[in-house]
Amino acid sequence: YYRGGNGDFVKDTFNVIARQEIDGMLYEYNINTIEDYKNQSPENSAVIHENIKVVMKKYDLSREEADAILMDLLGVYEE
């Protein structure tokens, strides 16, 4: 949930806040593309994965929802 323009709480059906947190994580590790994501060190990959799991739990995201956010942020689109 987030606070809407009129002060009421609005359900975040587009996962905007979770998307911002995941995007912030990617930015922290200078990840702009799927190649950047795949080329992270094993240590960084583990940290990123654990942080994404925290966001998933915090915002009650399914694995599919988290994957969709990552694919969108990294420019990977399913056809």
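Ala 46 sits in helix 3, which covers residues 42–58. The model shown here is predicted. Ala 46 counts as partly exposed because its relative accessibility is 41%, a value that falls between the 20% limit for buried and the 50% limit for exposed.

- Which distance separates the C-alpha atoms of Ala 46 and Met 71? They are separated by 18 Å.
- Along the chain, Ala 46 and Met 71 are 25 residues apart.

**Layout of the chain**
- The chain holds two strands and four helices.
- Read from the N terminus, the order of elements is β-β-α-α-α-α.
- The C-alpha trace spans about 45 × 30 × 20 Å along its principal axes.

**Burial and contacts**
- The chain has 79 residues, and 23% of them count as buried.
- Take the contacts between residues at least 6 apart in sequence. Of these, 47% join residues at least 24 apart.

**Surface and charge**
- How much accessible surface does the chain have? The total comes to about 5800 Å².
- Carbon and sulfur atoms account for 51% of that surface.
- The chain carries 8 positive and 16 negative charges.
- The mean position of the positive charges lies 7 Å from the mean position of the negative charges.

Notes. Residues numbered from 1 in each chain as written. Predicted model: local features only at pLDDT ≥ 70, side-chain atom pairs only at ≥ 80, totals over all residues. Heavy atoms only, no water. Buried < 20%, exposed > 50% of the residue type's maximum accessible area, 1.4 Å probe, protein only. Contact = heavy atoms within 4.5 Å. Areas by Shrake-Rupley, 256 points an atom, 1.4 Å probe, with all protein chains shown as cover. Lys, Arg positive; Asp, Glu negative; His and termini not counted. Charge placed at Lys NZ, Arg CZ, Asp CG, Glu CD.
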